[in-house]
Amino acid sequence: SGMGAYDRALESFQAAVALLNTATAPANAIESYANLGKVHRAVRDFNASLAAYQQAHERANALGDKAGIAKQLLNLGVIHSDLGQYEEAQQVYEEATTLAEELQDDDLRARALYSLGKVYRETSQYELALEVLQEALAIQQRRGDQVAEAAILNNLEHDHADIYPDVASIQKQFHLLLRTVPGNGRLLVNADEPHLDEVLRLGCW
């Protein structure tokens with residue numbers, strides 16, 4: 001069964017970690033902990049996944065492997081997001097972005113910026129999301145990468161009155177959200193929602 005395969009994978013990676021912890025192969029230990037984190041996440045054991053990625057990050061840090069540190073920060077960000085810990089996710093993604101800039105690694109930087117943009121979007125920081133997602137898109141286009149993303153808009157009503165004074169202010173934020181979707185992306189919009197019609201009239205590009 002699928003769960004049986006995951007159980008076997010967990011046993012395999014746990015055995016590899018135990019062996020590598022007694023050997024002089026720290027770089028291999030990083031990969032084994034990262035693989036362990038992936039399997040735990042696949043079975044939605046996010047806390048165990050987080051612990052495994054933290055171990056991988058600590059070992060990369062001990063080696064002074066900046067690229068490895070950045071990759072594990074990205075992994076940590078994914079799990080923090082899974083757990084709804086967006087503040088922690090934002091922090092590690094920002095650290096990963098800084099490291100990628102120092103390394104002049106465009107692929108790593110684009111991945112970090114894209115992940116950071118998703119966190120900004122999840123936390124309604126749409127202007128920041130627009131800024132970093134456009135930067136990531138520019139890097140990917142320069143590299144010739146294919147970028148595809150979709151946004152689904154189902155309804156729009158006045159909510160969070162402590163933040164947004166009226167519907168128009170919410171529509172502006174939705175407009176900024178749409179601008180984070182690249183030109184080859186897709187929009188799925190509820191045609192029966194007049195407030196969303198007004199958002200589309202503001203433009204999407």
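This report describes a pocket and a helix pair in a predicted model.

## The second largest pocket

The second largest pocket of the model has a volume of about 150 Å³, and the residues that line this pocket are R41, V78, S81, D82, Y86, Y93, S115, K118, V119 and E122. Three elements, namely α4 (66-82), α5 (86-103) and α6 (106-122), each give two or more residues to the lining. Of the elements that contribute, α6 gives the most, with four residues.

In terms of residue class, the lining of the second largest pocket is made up of four nonpolar, four charged and two polar residues.

## How α8 and α9 pack

Elsewhere in the model, helix α8, which covers residues 167-178, packs with helix α9, which covers residues 194-201, at an angle of about 55°, and the axes of the two helices lie 9 Å apart. Because angles of 65 to 115 degrees count as roughly perpendicular and those under 35 degrees as roughly parallel, the angle found here makes α8 oblique to α9. The crossing in which α8 passes α9 is right-handed.

## Residues at the helix contact

On the side of α8, the residues that take part in the contact are V167, Q171, F174, H175 and L178, and these meet H195, L196, E198, V199 and L200 of α9. When the residues of this contact between α8 and α9 are sorted by class, six are nonpolar, three are polar and one is charged.

Terms used
Residues numbered from 1 in each chain as written. Predicted model: local features only at pLDDT ≥ 70, side-chain atom pairs only at ≥ 80, totals over all residues. Heavy atoms only, no water. 1 Å grid on protein atoms, 1.4 Å probe; cavity = no way out; pocket = protein on both sides within 12 Å on 5 of 7 lines; lining within 4 Å. Points joined across faces, edges and corners; volume = space filled by probe spheres on them. Nonpolar A, V, L, I, M, F, W, Y, C, P; charged D, E, K, R; others polar. Axes fitted to C-alpha atoms, helices over the stretch in contact; angles between N-to-C directions. Parallel < 35°, antiparallel > 145°, perpendicular 65-115°, else oblique. Left-handed = near helix turned anticlockwise from the far one by under 90°. Contact = heavy atoms within 4.5 Å.
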